[in-house]
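Here is a friendly walk through one protein model, written for someone who likes cut-offs spelled out. Please keep the viewer open as you read.

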Amino acid sequence: MSADTPAAISSDLFRAASGALTRRQLVIGGGAAALAGVPALAHAQSKTIKIGYLTTLSGVRANFGEADPWSLERVRATLKDGLTIGGTTYKVEIVVRDTQSDANRGATMSSELLLREKVDLLLVQDSDAALAAGQLCDVNGVPMVSTMGPWQAITFGRGSTPQKGFPFSFHFFWGADDVLKNFFGMWEPLKVERTLGTLYIDNGPGHAFADPATGIPGGAKQRGYKETNGGFFKIATDDFSNQVSSFKAARANIVSGFAYANHFATFWKQAQQAGYRPEVVTMAASFLFPSAVESLGAAGNGMSTEVWWTPNFPFKSSLTGQSAKALAADWEATTGKQWTQPIGYGHALFEVGIAALKNATNPKDKKAVRDALANLQLDSVVGRIDFKGSPIKSVAVTPMVAGQWRKTKAGSKFPYELVITHNSTAKQIPVEDELKLLSQLKAA
């Protein structure tokens, strides 16, 4: 099976990039309505739609849910007069649970939303939470939509297949195979010897990345790269001298693999101290957020990564009409912080959920909402979300590309910007510049 075949990619491959689960609970409604941005609701249960929202507001992966309270304020503005469907106006209540980066707590919170809160629709912000939540929703007949994790992690992680899908649970995001295509595609035009150094966290995603057939080693062999495999390292590792030494000895021009931002920062510091200076660094999971790049100081210039969403994506919201650029600008103006990739997908999750409710023959009929999701075709702020026409049942594959962080000009609001450098899997997203070698950027 080819390394580029979607079904060949491990279900664990990018679970770390999909966001974490959290433990602390927040119920939106009553006195908590101001935090979450939705009005408290009291009567007419039959004319109230209750939406559950499972996200990551605290814990080690809280950066994936950082924008959620802000996003929910915008949802309040949109839903303040309720939803009119089939001539009936329904109030909307949103009940939020924060699983605090704890997968076990995520399962508990899913059960609470379904069985105690009796939500009509469950929206799940990350794929770790979606594994348990999806199982519960299918058993209890409650429609669910999840995102922020490659579709293989959901389909294969729950023991299904692209042909089988699920009874009530749906997912939209790109595929893990798209990441490998973009990484290797981004490197293809470079005029450097194809020598590659790789290192991987010793966990499920790391092992999937290191798979000799379907991971980076398989892709490297298929494309004529000479890989020096630095092996696995433990989560608590703070010594990468062995990897640095082997990469330097092999004159590895490209460094790749799977590592969190703190691991890479330590590796890079030790590499520079040892005089090892590769021409390209493309690490999965390390550079999703501006803060990770900024933590490297001047050395952050030129780091490359997978790209889910940026203000320069040519899409707009079906909910508010905002372009990707306008949505990001709203965030920056309100918070003073630089945009992050989850803003787009957190917003799109509500786009999908509300579109399904509107398209259902009866938004209080869970089977009707399920059927509306199965037939949904929606242009959103993250691109086309098409469940009806998808060859993968219960999944809509969204576009992703690759990009490089570049230092901005003096006087700019933020120190780095993410430039799109490769788009072979999503031609509708314009390339802004070619990938630059680190030595080119340093000399500029």
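Being four residues apart in helix α10, F264 and W268 are separated by about one helical turn. Helices here are DSSP runs of H or I with at least four residues, strands are runs of E with at least two, and both are numbered from the N terminus. The ring centres of F264 and W268 lie 5.5 Å apart with the planes at 20°, so this pair is stacked. The rule behind that word takes rings of Phe, Tyr and Trp (its six-membered ring) whose centres lie within 6.5 Å; planes under 30 degrees apart are stacked, over 60 edge-to-face, and the rest tilted. F264 counts as buried at 2% relative accessibility, and W268 is buried as well, with 7%. Buried means under 20% relative accessible area, exposed means over 50%, and partly exposed is in between (1.4 Å probe, protein chains only).

**What you are looking at**

The model is predicted: local features need pLDDT of at least 70 and side-chain atom pairs count only at pLDDT 80 or more, while totals for chains, interfaces and linings use all residues. Residues are numbered from 1 along each chain as its sequence is written, and side-chain values use heavy atoms, with hydrogens and water left out.

The mean pLDDT (the predictor's confidence in each residue, from 0 to 100) of the protein chain is 87, and 89% of its residues reach 70 or more. Over residues 1–45, the pLDDT is below 50, although this stretch has 159 contacts in the model beyond near neighbours in sequence. A contact means heavy atoms within 4.5 Å. The protein chain has 15 helices and 16 strands, and 60% of its 444 residues are buried. Of its contacts between residues at least 6 apart in sequence, 72% join residues at least 24 apart.

**Aromatic rings**

How many aromatic pairs does the ring rule give? The count is 27. One of them is F240 with F267: the ring centres are 6.2 Å apart and the planes stand at 90°, so the pair is edge-to-face. F240 sits in the loop between β8 (226–233) and α9 (241–250), and F267 in helix α10 (residues 261–273), so that the pair links distant parts of the chain, 27 residues apart.

**The nonpolar cores**

A nonpolar core is a set of buried Ala, Val, Leu, Ile, Met, Phe, Trp, Tyr and Cys residues joined through side-chain atoms within 4.5 Å. The largest one has 110 residues, and F172, W187, F267 and W309 have the most contacts inside it. Helix α13 (residues 342–359) gives the most to this core, with 10 residues. Apart from it lies another core of 17 residues, including M109, V124, A129 and C137. Leaving out residues up to four places away in sequence, W187 touches L196, Y225, I254, S256, V280, T282 and L435.

**Charged pairs**

Side chains of opposite charge can pair when their charged atoms come close. A search of the whole structure finds 18 salt bridges, each one a side-chain nitrogen of Lys or Arg within 4 Å of a carboxyl oxygen of Asp or Glu. Three of them are listed here.

| Salt bridge | Closest N and O atoms |
|---|---|
| E112 with R97 | 2.7 Å |
| R158 with D138 | 2.6 Å |
| D371 with R370 | 2.7 Å |

E112 lies in helix α3 (residues 103–116) and R97 in strand β3 (residues 88–98), so their pair ties together parts 15 residues apart in sequence. E112 and R97 are buried, and K50, R97, E112, R116 and E117 are linked in a network of salt bridges.

R158 is buried, with a relative accessible area of 17%, and D138 is buried with 15%. The charged end of R158 also sits over the ring of F166, 3.9 Å from its centre. For this, NZ of Lys or CZ of Arg must be within 6 Å of the ring centre and within 35 degrees of the ring normal. R370 likewise lies over the face of F168, at 4.6 Å from the ring centre, while D371 is partly exposed, with a relative accessible area of 39%.
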